[in-house]
Amino acid sequence: IRILGIDPGSQATGFGIIDWQDGDARYVASGAIRTRGDAFPPRLRQIFDGVQELVRQYGPQEVAIERVFMHRNADSALKLGQARGAAICGVFPVIASVYEYAPREVKLAIVGAQKEQVQLMVMSLLKLQGELGPDAADAIGLALCHAYSRGARQAVDVSIAALGARP
C-alpha cells in the first residue's frame with residue numbers, strides 16, 4: 001500500500017511517500033511544498049495544488065497527516081490549521097480516508113525518538129543516503145507511524161469480526 005505523509009505548514013508543507021508491504025517500508029519520495037508570496041489565501045492555494053499534484057503523480061491509497069497542536073501564538077495555530085485544511089482538501093478528490101496523528105504519536109512510533117532524532121531515525125529505518133530536510137523527515141515519520149498503526153488496526157478489526165461471527 002502506498003502511504004502519503006503530510007506535515008502541514010503555511011510556509012513549507014512537508015510530504016513523504018512510502019510503500020508498505022508485509023511489514024517493510026520502502027522510500028518512494030519526499031520533499032516540501034514551499035509557498036511564495038505575502039498574501040495568505042494564495043499560499044493556501046499553493047498547498048492545495050501541490051498536494052493534488054502529489055496525489056496525481058504518486059497515487060497513494062492512504063494519507064497520514066499531523067494533527068494541529070496548540071501553539072502559544074493563536075495566529076500561528078490558526079494559520080497551521082488552515083494549511084492543514086488545504087492539504088486535506090487536496091487529497092479528497094481521490095482519497096476518502098485521511099488518518100490523523102498527534103506529533104507525540106509520531107515520535108513514539110519512530111522508536112521513541114525526540115523531534116530532533118526523527119530525521120536520523122527515518123533515514124536509518126529507510127536506509128536513506130544523503131540529506132533529508134526536517135519537513136520531509138517529519139512527513140515520512142507520519143507515513144511510517146500510520147503504517148505501523150495500520151497493522152494493529154487491522155488485527156483489531158479481524159478480532160472484532162471473529163467475535164461477531166460467533167453465536
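Me: What is the largest nonpolar core, and which residues have the most contacts inside it?

Reply: A nonpolar core is a set of buried Ala, Val, Leu, Ile, Met, Phe, Trp, Tyr and Cys residues joined through side-chain atoms within 4.5 Å. Buried means under 20% relative accessible area, exposed over 50%, and partly exposed in between, using a 1.4 Å probe and protein chains only. Here the largest nonpolar core has 21 residues, and I18, V122, L126, L132, I140 and L144 have the most contacts inside it. Elements giving two or more residues to this core are β2, α4 and α5, and α5 gives the most, with 8 residues. A second, separate core has 20 residues, including A29, I47, V51 and V55.

Me: Before we go on, what should I know about the model and its labels?

Reply: This is a predicted model, in which local features need pLDDT of at least 70 and side-chain atom pairs count only at pLDDT 80 or more, while totals for chains, interfaces and linings use all residues. Residues are numbered from 1 along each chain as its sequence is written, and side-chain values use heavy atoms, leaving out hydrogens and water. As for labels, helices (H or I, at least four residues) and strands (E, at least two) are DSSP runs, numbered from the N terminus.

Me: Which residues is I140 in contact with, leaving aside neighbours within four places in sequence?

Reply: Contact means heavy atoms within 4.5 Å. With those neighbours set aside, I140 is in contact with G16, I18, Y27, S30, V122, L126 and L132.

Me: How many aromatic pairs does a search of the whole structure find?

Reply: Rings of Phe, Tyr and Trp (its six-membered ring) pair if their centres lie within 6.5 Å; planes under 30 degrees apart count as stacked, over 60 as edge-to-face and the rest as tilted. The search finds 1 aromatic pair. W20 and Y148 form this edge-to-face pair, 5.5 Å centre to centre with 75° between the planes. W20 lies in strand β2 (residues 12-21) and Y148 in helix α5 (residues 134-165), so the pair ties together parts that are 128 residues apart in sequence. W20 is buried, at 14% relative accessible area, while Y148 is partly exposed at 33%.

Me: Where does the charged end of K79 sit?

Reply: A charge sits over a ring if NZ of Lys or CZ of Arg is within 6 Å of the ring centre and within 35 degrees of the ring normal. The charged end of K79 sits over the ring of F40, 5.6 Å from its centre. Both K79 and F40 are among the residues that S10 touches, not counting residues up to four places away in sequence. S10 lies in the loop between β1 and β2 and is buried, at 18% relative accessibility.

Me: What does helix α2 pack against?

Reply: The buried residues of α2 pack against β1 (2-7), α1 (40-58), β4 (62-66) and β5 (98-101). Among those buried residues are A77, L80 and A83.

Me: Which residues have a positive phi although they are not glycines?

Reply: Most residues other than glycine have a negative phi. D22 has a positive phi of about 50°, and K127 has one of about 55°. D22 lies in the loop between β2 and β3 (24-34) and is exposed, at 74% relative accessibility. K127 lies in the loop between α4 (115-125) and α5, and K127 is exposed too, at 68%.
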